[in-house]
Amino acid sequence: MPAAPQIPPSLLRPILVRGLADALAAAAAADSAGAALALMAPPAGGAPWLLGLIGRVRRAHPGLGVTGLLDCGDRAGEAQGALAAGVPALLFTGGTAAADRLAAIAAAHGAVLLTACPPLLDLAAEGHGSIRPALLEALCRDWLAQAKGWAESRAGG
């Protein structure tokens with residue numbers, strides 16, 4: 001059985017997005033900061049939506065390291081389908097037995113399975129529903145700066 005992939009630091013501090021404008025604001029902030037980016041889809045997002053969003057962000061920011069995290073809640077079938085579709089990382093909060101099976105499947109696909117929600121930036125909540133790109137970018141820049149300091153402190157200790 002293949003070893004589980006290493007969890008990239010960006011996956012431990014994702015940005016929850018609900019649309020292309022959110023994702024592009026996050027990407028612009030990450031690009032200007034030289035940081036990797038993890039876009040997290042809400043539970044209703046689905047694999048095709050997330051993969052399409054990642055594709056659009058990669059076309060707009062070709063040099064940016066961007067990955068996606070899909071929140072599957074406790075729905076093992078959705079998680080399995082997302083892995084088959086090529087989603088690189090999943091959040092699954094269901095039972096331990098199902099999580100163990102999904103972790104093995106994820107490893108076989110070169111994907112990552114998280115079983116607890118990491119700290120995240122929810123742009124809709126933090127931006128109070130704003131769609132102003134400058135505000136969203138500023139929120140993301142602050143979040144990514146905190147994430148960089150957090151990752152450096154984890155690596156040093």
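I take a salt bridge to be a side-chain nitrogen of Lys or Arg within 4 Å of a carboxyl oxygen of Asp or Glu. The model I am reading is predicted.

**Salt bridges**

I searched the whole structure and found 3 salt bridges. In one of them, the side chains of Arg18 and Asp122 meet at 2.5 Å, N to O. I placed Arg18 in the loop between β1 and α1 and Asp122 in strand β6, so this pair ties together parts that are 104 residues apart in sequence. I looked up the accessibility of both: Arg18 is partly exposed at 43%, while Asp122 counts as buried at 18%.

I noted Arg75 with Glu78, whose closest N and O atoms are 2.5 Å apart. Arg75 is partly exposed at 34%, and Glu78 is partly exposed at 26%.

I then checked Arg141 and Glu137, with the closest N and O atoms 3.7 Å apart. They sit 4 residues apart in helix α6, separated by about one helical turn.

**Strand β3**

I went through residues 66-71 and found 6 of the 6 buried, so β3 is largely enclosed by the rest of the structure. Side chains in a regular strand alternate between the two faces of the sheet.

I looked up the neighbours next. β2 pairs with β3 in the parallel sense over 5 bridges, and Leu39 has Gly68 as its bridge partner. β3 and β4 run parallel, joined by 2 bridges, with Leu90 as the partner of Leu70. I traced the chain from β3 through helix α3 to β4 and recorded a right-handed crossover.

Key:
Residues are numbered from 1 along each chain as its sequence is written. This is a predicted model: local features need pLDDT of at least 70, side-chain atom pairs count only at pLDDT 80 or more; totals for chains, interfaces and linings use all residues. Side-chain values use heavy atoms; hydrogens and water are left out. Buried means under 20% relative accessible area, exposed over 50%, partly exposed in between (1.4 Å probe, protein chains only). Two strands pair if DSSP finds at least two bridges between them. A crossover is right-handed if, with the strands pointing away from the viewer, the path from the first strand over the helix to the second runs clockwise.
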